[in-house]
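The following exercises concern the structure shown below. Each task is followed by a solution in steps.

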Amino acid sequence: MELQGTHKFDADPKVIWHALFDPKALITCVPGAKRINGSIRDGFTAEVETHFGPMTIAFQGEISVVDMTPFQSVSLKGKSRGLADIMLEKRDGKTLLSYHVSVTVGGRFGRLGEGVVISFAKSMVDTFFAELEQVVVNA
């Protein structure tokens with residue numbers, strides 16, 4: 001599954017960058033996050049459990065940084081199933097965050113079909129950005 005998009009923040013790229021890699025901030029932003037530990041240097045471990053209708057979707061995994069230009073871009077790799085590229089660009093006093101995610105979705109959830117999975121993932125991303133906005137405003 002491929003997912004990409006952008007989000008504009010009323011904050012400096014450094015503020016966004018720090019929020020993206022702060023486990024205390026991430027736990028409030030990631031829908032269904034039960035645990036997020038780690039650092040940008042050592043990588044992260046996460047446990048997420050959310051629901052889609054009657055289905056429980058659980059994820060436990062490790063995420064590592066494979067390439068990084070601080071405050072501008074980062075490439076992340078999930079231990080077994082995904083890659084993500086995030087870019088931050090300062091524009092007119094705001095920060096434009098662009099992302100591209102490639103992930104393999106399996107199990108019962110994956111069998112629902114790519115359209116359903118992408119729709120659910122976009123909803124999760126929208127929730128993540130709404131929560132991240134609040135973290136940034138209160139930073």
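Accessible areas come from the Shrake-Rupley method with a 1.4 Å probe, and for residues only the protein chains shown count as cover. The model is predicted: local features need pLDDT of at least 70, side-chain atom pairs count only at pLDDT 80 or more, and totals for chains, interfaces and linings use all residues. Residues are numbered from 1 along each chain as its sequence is written, and side-chain values use heavy atoms, with hydrogens and water left out.

**Exercise 1. Surface and dimensions**

Determine the accessible surface of the protein and the share of carbon and sulfur atoms in that surface.

Solution. The accessible surface is about 8,300 Å². Carbon and sulfur atoms account for 52% of this surface.

Then explain why the radius of gyration agrees with a compact globule.

Solution. The radius is taken over C-alpha atoms, and the globule rule is 2.2 Å times the number of residues to the power 0.38. For 139 residues the rule gives a value near 14 Å; the protein has 15 Å and therefore agrees. The C-alpha trace spans about 45 × 30 × 25 Å along the principal axes.

**Exercise 2. Strand pairing**

Solution. Helices (H or I, at least four residues) and strands (E, at least two) are DSSP runs, numbered from the N terminus. The protein has 4 helices and 7 strands, in the order β-α-α-β-β-β-β-β-β-α-α. Two strands pair if DSSP finds at least two bridges between them.

- Val 48 has Phe 59 in E4 as its bridge partner. In this hairpin 2 residues lie between the strands, and Gly 53 in the turn has a positive phi of about 60°.
- Thr 69 is bridged to Ser 73 in E5. This hairpin has 3 residues between its strands, and Phe 71 takes a positive phi near 70°.

**Exercise 3. The surroundings of Val 125**

Decide whether Val 125 is buried or exposed, and list its contacts beyond its neighbours within four places in sequence.

Solution. Val 125 is found in helix H4 (residues 114–137). Buried means under 20% relative accessible area, exposed over 50%, and partly exposed in between (1.4 Å probe, protein chains only). Because its relative accessibility is 17%, Val 125 counts as buried. Contact means heavy atoms within 4.5 Å; with those neighbours left aside, Val 125 contacts Leu 3 and Tyr 99.
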